Amino acid sequence: MAILQGKKAIVIGDRDGIPGPAIELCIQSAGADIAFSATECFV
Amino acid sequence: MNNSVLKGAGYVLVHVPGMVTHHGTTQTTERIVNPDSDYLKQLPEHMRSYEDCVAYPPNQTYIGNLSIEDLGEVPEPWYDKKIEGADRFGPFGEIMPEDEFVLLMQICDAFDLVHLDKSFVQQVRPKLEAHPLITETMLSLIKEGHDEADILDQESHKAALPIYIDGRMVGYVKQAHDLDVNLSAHVIFENLASKASSVVTVLHLLNNSGIDPAAVEYVIDCSEEACGDMNQRGGGNFAKATAEIAGLSGATGSDTRGFCAAPAHAVVEASALVTSGAFKNVVVVGGGSTAKLGMNGKDHIKKGLPLLEDCLGCFAALISENDGASPEINLDILGRHTVGTGSSPQAVIESLVTRPLASAGLTITDVDKYSPEMQNPDITKPAGAGDVPEANYKMIAALGVKLGQIERSDLPQFVKDHGLKGFAPTQGHIPSGVPYLGFARESLMEGRTKNAMIIGKGSLFLGRMTNQFDGISFFLQANTKKDAADVAAAPAVIRDVPVIGVSVPDSELGEEAVRAAVEQANRSGYRATLIEGAHCLEQMDEWIQSGKIDAAVAAHYAFPIGVSTVGRIQTPALGKELFIATTTGTSATDRAEALVRNAIAGIVAAKSCGIENPSVGIANIEGGRQCERMLNALSESGYPIRFAGSARSDGGLLMRGNDLLQATADVMVMDSLTGNLMMKVLSAFTTGGGVETIGYGYGPGIGEGYSKKILIVSRASGTPVIANAIAYASQIVEGNLSGIARSEYEKAHKAGLSGLIEAARQKDRASDGERPAVAAPPKEVCTEEIHGVEVMDLEEAVEVLWAAGVYAESGMGCTGPVVMINEARSEQAHAVLREKGYIS
Amino acid sequence: MDLENQKRVKDIAEQFGPENVVVVLGAAEGEAAGLAAETVTAGDPTYAGPLAGVSLGLLVYHICEPEMKEEVDADIYDEQVSMMEMVLDVDEIISEMTAIREQYTKY
């Protein structure tokens, strides 16, 4: 069963991992609806 | 493009444990959200002493005492390792203690906002007086301070922020305005800390680079603070505030803000300013951030580590005009993360690394070292942020794999070969690319590496103005040894065949002969252009300066003193090539010096014509012996010269006329007048003397610091000689005469040229003066001749021997001046004359 | 996790109903991923933010996990994420995420 399809997605990206906007593009293609997206920076 | 250079760098850490608790945002936030927190209670036990902070290996690396390679040898984690005998000061800067810094903040405060306890000021002032770089002017700005009672009176300064050192309150920072939040005590404190740390770092930069403070024309501050008031919250110009205290009386400046990428942005801006010629010396400076103190403190303490983020970190760099030695910033290779780039890690690395490299025809393995974000892994790993530099190197390598530049299996080796250990404090903009500048400069100048790429990245989204990421990168390379004059004379476009201008307006053989020479040279594949008209010589000079032509052939040119021309001829009968150094011009007014300089000029000419290790002979003329001695001295001190020996049966270093005809040496050294005579004789003898038809002409003007390529022919030079001169000109352009000249003079100076010249001049002066009369010892029969004494020193040499008790007479042997002595005295006489420098 | 972000997670879960929400992470390290995952499931383990003591039990994944990779368009994934597979310790991330999900996810 598709995890992302039709869900409200909260994206917490990481500047040193995968940043928010990159994740957004990915999960939108899987049918998720972006409710909130942020990129965290720890350094 | 005449690239700007990285002329110096400065790095300072300020140990501020007292500021961690009251200004680091992790701590100030905790105090609001969870005032009874265990973390805050435990914090004081985890603070390091100043000595421990100084001895901490990454901190010693930051100031240049411990190389990055050596830091890599220290087993991680580093927090429990100490460097033996660690010094507060290092080649790049220092680790400053808190008390001195607080007094420095007071110095930087012009608005009576920093109130310090009188006794604290008295106690700390001598420490600043003892500081090697704090100036008298700065010390004069120290204010006396306030009574203890006033300092401790909490009520009257409610809105102020206390300054604690070792748990004792030593003063406070006031707000600058009752209503304006932009002038709150907190903002003033942060800003003054940034300013003060910038100031001391600039002082170290000035000291490291040796530049006159007044020569700095522009300062760019790239820290992450904002200063202003409610009407202009980020008005700025920390740069000028810093410049004022640091004594940069000739500078203005501005601030560049770009989150963590700002230092890289600022260096690119500074480089562009210098390369364009707008300014000659630009300082880039980034001060420390009190807000980031103890940022990951909770994680550190949870894991039993000391609080490692107890320092402000600051850096400064000097970008200057090309000096022919310092590493260049190559503005042709710039990486930019643009609006269109996007945020995927792949796109980021592509925009900052692989694309700019590709534009220069390079792949990722062509860069010796990358310096992206250089955070100390000791700090970031326990906080769950990993090893940031290493992650960056892996990303660059990973993209390289994707682009087919390296194999997947090569990824770990790439990280080792092109990566560096992180060592910078987590002070935001400070670790971003620039910590490596000081080490890079040393490595590039020592030839250990040939280039480096500095990468800055910024998280703009933190300001909530944009979701974007940002980054900029620049390329450092070892100096390509192009000096300004050279490049000004060099064409903007690299030509395959050098363009030679020909200006012989008053040839005795007529215009036609000159034109025919140009046509002949062009038919042979050279590129010559005739410069005609009443002002052809001025035109020629202008074209040389602007780079329209690469070199010129002229019948006449007023070379400055210090420049003389090296002729080139084929010898009669045997047709061997010979360089005659020199044939026109004056290398120096002192004869010995002139001959030595002529020798170097001859070597330069021969080398630029492709003779790798030319042999040198000195014509047997007045001054020849002294020249021989001086060249020997140079050769023995690190400027090796290949000397030819005379072809005559009795050998020796001095060349006779026979040797000239036999071209026993590649380069024949003589004074210009003699050389001029030789050129005419050897080039015109087949025509009865009226027309010079053999050889390449009198040659290019060569001298220390001279880079124009102008070759001389005479008004009696015929078509063949002018055509050959064009060929000679073309050859020395392609052979990089200017570069070779610079290198030869540098080597000669390193081997003591200046000292030899000075000694020769003094000797001349001394021999011109009165000499006290020396009585001759009892006469002896003179049976032996000592050769090698310069004719003008002959009488003096005899007197010196007399003074040593050796009877001697002067005379003229068949090859030159001699000192005659009795053979029994031979050893002693030789010893005395050698000691006094009359023979070698 | 940033306090502000914790607040948004809480608000959105309330607004749309926790069963309709999925959290997707991009953390660089396994430990950081686990910490963020725990925050949106069991509650903020550092007790610092709005999710301190609040167990939302949300569905949470890291974008590098195979379940995510399967559903995402292959070309887009290749452009946006694939390079990091050579950089991140994906196995460690998967292991941390799986452990948290098994313990705390309600949906």
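This passage describes chain B of a predicted model, from its overall make-up to its contact with chain C.

Chain B contains 31 helices and 27 strands, and 53% of its 840 residues are buried. When contacts between residues at least 6 apart in the sequence of chain B are considered, 73% of them join residues that are at least 24 apart.

The strands can be illustrated by S6(B), which comprises residues 218–221 of chain B. Tyr218(B) and Ile220(B) point one way from this strand, while Val219(B) and Asp221(B) point the other way, and all of these residues are buried.

Among the helices, H28(B) covers residues 737–750 and so has 14 residues. From its first C-alpha to its last, H28(B) reaches 20 Å, close to the 20 Å expected at 1.5 Å a residue. Leu737(B), Ser738(B), Ala741(B), Arg742(B), Tyr745(B) and Ala748(B) are buried in this helix. These residues lie on the same side of H28(B), because they cover an arc of only 135° around the axis. H28(B) is followed by Gly752(B), whose phi is positive, near 100°.

Burial is also found in a loop. Ile83(B) lies in the loop between helix H6 (68–73) and strand S2 (93–96) of chain B, and it is classed as buried because 20 other C-beta atoms lie within 10 Å. When residues up to four places away in sequence are not counted, Ile83(B) touches Ala55(B), Pro57(B), Gln60(B) and Leu66(B). The C-alpha atoms of Ile83(B) and Asp52(B) are separated by 9.2 Å, although these two residues are 31 residues apart along the chain.

In soluble globular proteins, nonpolar side chains tend to be buried together. In this model the largest nonpolar core has 198 residues, and those with the most contacts inside it are Val284(B), Ala317(B), Val23(C) and Val24(C). Helix H11 of chain B, residues 185–209, gives the most to this core, with twelve residues. Ala317(B), leaving aside its neighbours within four places in sequence, is in contact with Leu6(B), Ala9(B), Val267(B), Val284(B), Val434(B) and Leu437(B). Apart from this core lies another, of 85 residues, among them Ala552(B), Val553(B), Ala592(B) and Met668(B).

The contact between the two chains takes 16 residues from chain B and 13 residues from chain C. On the side of chain B that touches chain C, the elements giving two or more residues are helix H15 (345–359) and helix H17 (388–402) of chain B. Of the elements on this side, H17(B) gives the most, with seven residues. By class, the side of chain B that touches chain C has nine nonpolar, four polar and three charged residues.

Conventions
Residues are numbered from 1 along each chain as its sequence is written. Chains are lettered from A and ligands numbered from 1 in the order in which they are written. This is a predicted model: local features need pLDDT of at least 70, side-chain atom pairs count only at pLDDT 80 or more; totals for chains, interfaces and linings use all residues. Helices (H or I, at least four residues) and strands (E, at least two) are DSSP runs, numbered from the N terminus. A residue is buried if 20 or more other C-beta atoms lie within 10 Å of its own, exposed if 12 or fewer, and partly exposed in between; C-beta atoms are placed from the backbone. Two residues are in contact if their C-beta atoms, placed from the backbone, lie within 7 Å. Ala, Val, Leu, Ile, Met, Phe, Trp, Tyr, Cys and Pro count as nonpolar, Asp, Glu, Lys and Arg as charged, and the others, Gly among them, as polar. A nonpolar core is a set of buried Ala, Val, Leu, Ile, Met, Phe, Trp, Tyr and Cys residues joined through C-beta atoms within 7 Å. The expected span of a helix is 1.5 Å times one less than its number of residues. The arc is that of the directions from the helix axis to the C-beta atoms.
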